[in-house]
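Thanks for coming. I have one model to go through this morning, so let me put it up.

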Amino acid sequence: MIQIMDQDKWRLSQSGRRKQDFGPKVNFKKQKLKVGSFTGLPNFSQVLWQRMKLHAVLEGFLPVEQCNLDYSSDRGSSIDPHFDDSWLWGERLVSLNLLSDTVLTMTREDADSLQLMSAVGEETELHHANDVNTTQCNAADCKLYGIIPFSDVEVTIYLPQRSLVVLYSDARYKWKHAIHRENIRQRRVCITFREMSPEFSLGGKEEELGQMLLKLALSFQGKSV
Ligand SMILES: O=C(O)CCC(=O)C(=O)O
Ligand SMILES: [Fe+2]
């Protein structure tokens, strides 16, 4: 797969990444979408799609965009904490991690807090934490009741080479994701597949355009745009 990708041109992107995109032409700021020069997902992705769909979490997954990202330690590649767009892209973000292991770092910036649970049967002060408003407790109370602001929490997810990760639900909408530069030790290539949001899916306002893009995507005849 990597050999096939390397026969194609990699374009320099932000933060030392290189990229190859297979998807429609999008202006996220203006929420404008056009087919542009999109000709579908690449041929080699058909077999990946067939396999990933076998997992329950990816039931009915219809990828309409593929983005290949190339990270290298020489270029200091990374990706800053961010949410993926949710106007055009649907709930599940599927990433295949290739060539080397890395770590996905998840963080939150909202005011919510994490309440630590005491071990079953253990009588501790944490049992009283239900009485505390977790978004408004002061620092001393927070400590006493085992409440930690999410802004102080970092979740690191180890991604072995050849692993597939699906971000959905809170991991998609509440937690930002990032790849830090220090977690790129060797060349790493990540393939991300995205599905369409409800607006562009069956019954949505932009269903027609969505269906047209999907037909194109799933022809698997694409060249990078
Ligand atoms: O490289 C990764 O694993 C994440 C890529 C990503 O978050 C993105 O392309 O939006
Ligand atoms: Fe992302």
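Start with Leu-104, which stands opposite Ile-157 in β11. Before going on: this is a predicted model, where local features need pLDDT of at least 70, side-chain atom pairs count only at pLDDT 80 or more, and totals for chains, interfaces and linings use all residues. Residues are numbered from 1 along each chain as its sequence is written, while chains are lettered from A and ligands numbered from 1 in the order in which they are written.

Strands here are DSSP runs of E, at least two residues, numbered from the N terminus, and two of them pair if DSSP finds at least two bridges between them. β8, residues 102–107, pairs with β11, residues 154–159, in the antiparallel sense over six bridges. β8 also runs antiparallel to β13, joined by three bridges, and there Thr-107 stands opposite Lys-176.

Next, the open sheet. Six strands form it in the order β1-β2-β5-β14-β7-β12, with antiparallel pairing. β1 (11–12) and β12 (164–167) are at the edges with a single partner strand each, so one side of each has no neighbour in the sheet. Within it, β5 and β14 pair over seven bridges, and Asp-70 has Val-189 of β14 as its bridge partner.

Now the ligand. Which residues surround ligand 1? They are Cys-67, Leu-69, Ile-79, Asp-84, Ser-95, Leu-104, His-177, Ile-179, Cys-190 and Thr-192, taking a residue as near when its C-beta atom, placed from the backbone, lies within 6 Å. β5 (65–71), β13 (176–179) and β14 (188–196) each give two or more residues to this shell.

Definitions and conventions
Helix = DSSP H or I, 4+ residues; strand = E, 2+ residues; numbered from the N terminus.
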